[in-house]
Amino acid sequence: MIEDGSNGAGAEASGSVSGDDAKLRLATPAGRWVLTAAVLGSAVVSLDATVVNVALPTIGQDLDADVAGLQWTVNGYALTLAALILLGGSLGDRFGRRRVFVLGVAWFGVASLLCGVAPNLETLVLARALQGVGGALLTPGSLAMISASFCREDRARAIGAWSGLGGVASAVGPLLGGALLEQSWRWIFLINLPLTVFVIYLAVRHVPETLDASAPRRLDVLGSVTGAIGLGGVTYALIAAPSGNRPVVWIAGLAGVLGFVLFIRTERRSPHPLVPLDVFANRQFTAANLVTLALYAAISGVFFLLAVVLQVVTGLSPLQAGAAMLPVTLLMLTLSSRTGALAARIGPRRPMTVGPVIMAGGLLLMLRIEPAAGYFTHALPGILVFGLGLTLTVAPLTAAVLAAAEDRHAGVASGVNNAVARTAGLLSVAVLPLLMGLSGDDFNRAGPLADGFHIAVISCAVLMAVSALIAWLGVSDEVTKPVPARTEPAYHCAVDQPPAATAPAESRSPAGS
């Protein structure tokens with residue numbers, strides 16, 4: 001059992017408990033240490049997520065990388081993270097959330113070191129893929145540790161604090177990363193080393209071990225493997241398509257399709273699937289995830305390209321480009337709770353329809369970004385409108401996903417929605433340069449990049465319109481189950497996936513989130 005002590009000793013207890021047995025209080029030193037460890041663990045991951053896109057032009061010049069190489073710099077990480085994040089949640093529930101969290105943080109730190117010293121692009125891409133493995137282990141655990149460690153009375157407050165502080169980390173990340181890029185792109189990875197060491201110390205010293213004693217011991221490894229093959233094959237085919245090597249493209253594409261077919265077959269037959277397919281029998285859950293797929297494909301594409309375009313096309317410095325999207329994070333920090341309350345009053349359907357339409361309008365305003373364009377006059381108006389639409393959409397989207405799922409699937413519903421968003425981003429980064437007609441060193445040429453960006457912006461605006469149409473036709477305002485007053489969803493201000501939300505410990509699915 002976890003003792004509720006004021007000196008932190010209770011937090012070092014090694015007993016495995018469920019959420020109902022948790023005794024930590026947020027106001028005690030022990031509770032604050034647990035929260036700090038979880039927030040910093042999430043911050044390590046979000047720092048790289050927000051900075052690597054800004055660093056792409058610098059990395060490309062230093063390592064002589066072409067467009068495909070820069071795509072893999074982003075997607076090497078996204079691929080392993082999307083493929084393994086549900087497995088990471090399952091491992092934590094079965095073998096100890098703190099144990100898996102610490103393993104993930106250590107793994108992420110070693111991979112970051114390899115990124116920082118990478119002598120060539122191939123090593124960097126491999127190291128980024130290893131970073132994704134570490135992220136898949138630690139990301140689910142950062143929130144699960146909070147949910148399982150704090151007593152019921154303080155759990156919602158602790159999750160809210162984790163969410164808000166995570167938003168602050170997302171806001172600081174681009175500024176810190178841009179400053180580090182003024183020295184060398186390698187520092188955006190090397191800065192992770194002292195952070196990961198400190199997080200590991202805090203977790204081992206202060207975070208209690210928790211696990212789900214009722215979770216099955218068998219893992220759906222085959223589901224993870226076939227899912228990874230599906231994502232990897234399709235991604236490789238899309239990125240390799242401009243090379244003209246048709247046999248390789250066809251083989252990779254067919255392997256990806258076969259991987260997805262085997263994944264669905266595996267999940268149907270597995271007694272303990274990563275993704276219980278019966279959750280998609282709910283029309284609203286399926287519609288909300290289709291909205292997520294279209295919406296986050298567009299969002300990820302914009303964030304992948306905009307930081308590069310602002311540097312190469314308009315001439316901003318890395319620090320300025322890193323700060324360029326800060327208004328979006330500030331809008332989400334300021335307004336997410338209000339849009340969540342609005343959706344609770346009127347239902348998610350209208351915000352999920354209007355929000356993407358506003359975002360599409362913001363994207364169309366970005367068509368004004370061209371060589372010699374000014375940030376405040378040409379880029380910022382579109383960014384502000386885009387941010388307002390995003391803020392209106394994300395909280396209702398998470399609420400719709402969780403309201404559609406049964407209590408026993410609440411955890412896995414959030415995890416599936418998160419994985420869908422990451423998969424959408426992975427595919428978007430693979431597809432958009434192909435649609436833009438970019439290849440070779442076009443990422444370093446202002447003219448072709450500006451023309452391609454306009455094509456990408458229109459494509460992403462169309463995706464936003466599609467997500468709005470799906471929301472209007474498929475999402476209902478009816479609440480299928482009561483939402484406890486003190487268990488509001490967490491509104492994390494990350495922009496590469498929906499806000500993380502967790503089920504109460506007693507109803508969490510073994511797959512975790």
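User: Is Arg 186 buried, partly exposed or exposed, given its relative accessible area?

Analyst: The model is predicted, so local features require pLDDT of at least 70 and side-chain atom pairs pLDDT 80 or more, while totals for chains, interfaces and linings use all residues. Residues are numbered from 1 along each chain as its sequence is written, and side-chain values use heavy atoms, with hydrogens and water left out. Buried means under 20% relative accessible area, exposed over 50%, and partly exposed in between (1.4 Å probe, protein chains only). Because its relative accessible area is 21%, Arg 186 is partly exposed.

User: Which residue meets Arg 186 in a salt bridge?

Analyst: A salt bridge is a side-chain nitrogen of Lys or Arg within 4 Å of a carboxyl oxygen of Asp or Glu. The side chain of Arg 186 has such a partner at 3.9 Å, N to O, and the partner is Asp 62.

User: Where in the chain do Arg 186 and Asp 62 lie, and how many residues apart are they?

Analyst: Helices (H or I, at least four residues) and strands (E, at least two) are DSSP runs, numbered from the N terminus. Arg 186 is in the loop between H5 and helix H6 (187–190), and Asp 62 is in helix H1 (residues 29–63).

User: Which residues does Ala 118 touch, not counting residues up to four places away in sequence?

Analyst: Ala 118 lies in the loop between H3 and H4, and counts as buried because its relative accessibility is 0%. Its C-alpha atom is separated by 8.5 Å from that of Arg 186, 68 residues apart along the chain. With contact meaning heavy atoms within 4.5 Å, the residues touched by Ala 118 are Leu 63, Thr 123, Leu 124, Trp 185 and Arg 186.

User: Which residue forms a salt bridge with Glu 209?

Analyst: Glu 209 is buried, because its relative accessible area is 4%. The closest N and O atoms of the salt bridge are 3.8 Å apart, and the partner of Glu 209 is Arg 99. Here too the pair links distant parts of the chain: Glu 209 is in the loop between helix H7 (192–206) and helix H8 (221–240), and 110 residues away, in helix H3 (residues 97–116), is Arg 99.

User: What is the N to O distance in the salt bridge of Arg 445 and Asp 442?

Analyst: Arg 445 is partly exposed, with a relative accessible area of 41%, whereas Asp 442 counts as buried at 8% relative accessibility. Their side chains meet in a salt bridge with an N to O distance of 2.8 Å.

User: How many salt bridges does a search of the whole structure find?

Analyst: Side chains of opposite charge can pair when their charged atoms come close. Salt bridges that share partners join Arg 25, Asp 154 and Arg 157 into one network. For the whole structure, the number of salt bridges found is seven.

User: Which backbone oxygen does the side chain of Ser 149 reach?

Analyst: Ser 149 is found in helix H4 (residues 121–149). At 0% relative accessibility, Ser 149 counts as buried. At 2.6 Å, its side chain reaches the backbone oxygen of Met 145.

User: Which residues is Leu 363 in contact with, leaving aside its neighbours within four places in sequence?

Analyst: Leu 363 is one of the core residues that touch the most other members. Its contacts beyond those neighbours are Val 302, Phe 386, Val 457, Cys 460, Ala 461 and Met 464.

User: Which helix gives the most to the nonpolar patch?

Analyst: Val 168, Val 172, Leu 176, Leu 330 and Leu 333 make a nonpolar surface patch of about 370 Å². Patches are made of residues with over 30% relative accessible area and no salt bridge, like charges being joined within 9 Å and nonpolar side chains (Val, Leu, Ile, Met, Phe, Trp, Tyr) within 5 Å. Helix H5 (152–181) and helix H12 (326–346) each supply at least two of its residues. With three residues, the helix that gives the most is H5.

User: What percentage of the residues of the chain count as buried?

Analyst: The chain has 16 helices and zero strands. Of its 513 residues, the share that count as buried is 60%.

Note on methods: A nonpolar core is a set of buried Ala, Val, Leu, Ile, Met, Phe, Trp, Tyr and Cys residues joined through side-chain atoms within 4.5 Å. Accessible areas come from the Shrake-Rupley method with a 1.4 Å probe; for residues, only the protein chains shown count as cover. A polar contact is a pair of N or O atoms within 3.5 Å; within protein, one must be able to donate a hydrogen and the other to accept it, and residues adjacent in sequence count only if both atoms are side-chain atoms.
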